[in-house]
Amino acid sequence: MVDDYVGTTSISLTEQDGVQYTYQSNDENTFDMSLEFKIGLYGGSAASAGIGAEVEVAKAEYQVGLHGKSALSIGTVTEKRVAAGAEKTLLNKVDTCGAWEFPKDYDPDGSPQYLNPLVGRRYVPNNMGYALVKSGTADLFALRLKRKGTVVSYQITPNPHIPEDFNIIMYPINPGYVKNGTLDGMVGLVPDEEYPNAILGERGSYFKPGEAYSLKASIDQEESEIQSYFSQTSGTPSTPQGELLRDWNNKLSKRSLVNTYVWSAPGGLYSEERQFSDVLLESSGSTFYFEGMAGVAAQGKFHAAGVGIFYELDLLFGGHTQTVKVSGMEQTNTFGLSVSVTGEGWLNEWNTTTNEYEPFDCPGKVDTYRFMTYRLAPKENHFDTFFDKVVDDNWLRNSTSPSAIALNQVKSSEKNPVWRVLHRVTFVSRIPPPFEPSPVESLPPEVTPPIDQDGNAWLFKLVKEALGQIYNPSPSQIGAAVDTTLDVTLVTLSPSWADFYGRASDKAAHPEEAEMLKTLRLDIKRYFIDYFESLSAV
């Protein structure tokens, strides 16, 4: 067992921005010569007719020969390329800090009492969060009486010489939301003060498996949509959307990621960590081309001994010059999230009588747990979540610390998209108490699977196809896609649905089927509206 747990666990969000500027010039200068000639034979014949006086009634001329053409180009090509780049690495990191547990009370003999006597005195991590804010600097001036020097007022004036810059605010987390020092609201087999119902099975703190897997499913869905965008090879060509993955102007990534970890007290650790990269290439250029040719041209004919000879000759000299200039900029961004969970495997039970550890494990101590760590893309609703759930409201309202004052100023300012980093625990295994053969586990609740999952998946696919490339549809667009699927697509593809739809369309003859279709239509629309709202909430 160690004496100090400071820094034994940490979380790091690393982001690297890079930019490279390029300038390229290609110059081509040549000497050109071309020769074109024709040489051959020519001739003709005529026919005449008449009685007494002949008249020419037909005439034919012909020429046949060789036609040749050649060209010569000799020149030089010069290419120059200049590149300059820069990289910047951003790191947001939080380490474990805390203190040893203070006694809740003392026994008559002066022995301290702790929350769980079998666990003994714990090292309790600070329940603090990390907020990265952009803030300005102000100077505080005191107004004093000239004679006595008595301070009569203070005046705060923004400093115009110091621009806005980043700052870190450490704030207490609402213990009812999550609490460091307890994974699921339990300390061993004793409930934490903030989660008295944890002993009854109402787990708390980081143990939120339903939310955990919902967030993971939403992130996986986002990645599938990105993959679909880049794999499109048919249809109308589209201009690449540089803002699809990242707001390059404000340097904000629009992508979320999730890592998975499994920790085991004997020293095992499984981690599945993702890293993303985005690249934006932009280039523009200009071209100049000039060609000039001049020379000799000759042609002639002569006839001798009944044979006609003709010739044509073009001999040109000159050259051409071409210049191409291209400038470009390549922006890159990579980011990843990593967690260090060193911990320790000291699971021994504390003996309150001897004030020493026993040689056997303590019931209730955690021997294995699984958790996920998320980086959620910037959204405005994260701003509300932070102030409504995450930060300790009592501290925010009543504290006079500079951090609380600064966060209250942020709260009263205009809402802006913010990113989040958070943990969620999905499985906890503890050392079982005596006479229990299996570990005490915190498991997700059993969920009854929906019926006809294949049919549901097919319906989901058809509605998504009806929406096309609309990634964030409105309720009216969702309703139109559902109506198209039910009224047209399924009627064409499914004979059984076509039969039901035909009966349901005649409300007078089949009122029950008509009511069933109406209810089904509304339920499907509500499902898809809730589904897309859950995606936008991530």
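## Reading contacts, salt bridges and a helix

Author: Let's start with T260: leaving aside neighbours within four places in sequence, T260 is in contact (heavy atoms within 4.5 Å) with K216, Y270, S271, E272, F371 and M372. This is a predicted model, where local features need pLDDT of at least 70, side-chain atom pairs count only at pLDDT 80 or more, and totals for chains, interfaces and linings use all residues. Residues are numbered from 1 along each chain as its sequence is written, and side-chain values use heavy atoms, with hydrogens and water left out.

Reader: Is T260 buried or exposed?

Author: Buried means under 20% relative accessible area, exposed over 50%, and partly exposed in between, using a 1.4 Å probe and protein chains only. T260 has 12% relative accessibility, so T260 counts as buried. T260 belongs to strand 15 (residues 257-264); strands (E, at least two residues) and helices (H or I, at least four) are DSSP runs numbered from the N terminus.

Reader: How many salt bridges does the structure hold?

Author: A salt bridge is a side-chain nitrogen of Lys or Arg within 4 Å of a carboxyl oxygen of Asp or Glu. The structure holds 20 of them. In one, D192 pairs with K179, with the closest N and O atoms 2.9 Å apart. This pair links distant parts of the chain, 13 residues apart: D192 is in the loop between strand 12 (190-191) and helix 1 (209-230), and K179 in the loop between strand 10 (165-172) and strand 11 (186-187).

Reader: Which other residue forms a salt bridge with K179?

Author: E193 does, with the closest N and O atoms at 3.9 Å. E193 lies in the loop between strand 12 and helix 1 and K179 in the loop between strand 10 and strand 11, so the pair ties together parts 14 residues apart in sequence. D192 is buried at 3% relative accessibility, while E193 is partly exposed at 45%. A network of salt bridges links K104, K179, D192 and E193.

Reader: Where is the kink in helix 6 centred?

Author: The bend at a residue is the angle between axes fitted to the seven residues ending there and the seven starting there. In helix 6 (residues 475-493), a kink of about 40° is centred on T485. T485 is also one of the buried residues of this helix, which include I478, V482 and L486.

Reader: What span does helix 6 reach?

Author: The expected span is 1.5 Å times one less than the number of residues. Helix 6 has 19 residues and reaches 25 Å from its first C-alpha to its last, close to the 27 Å expected.
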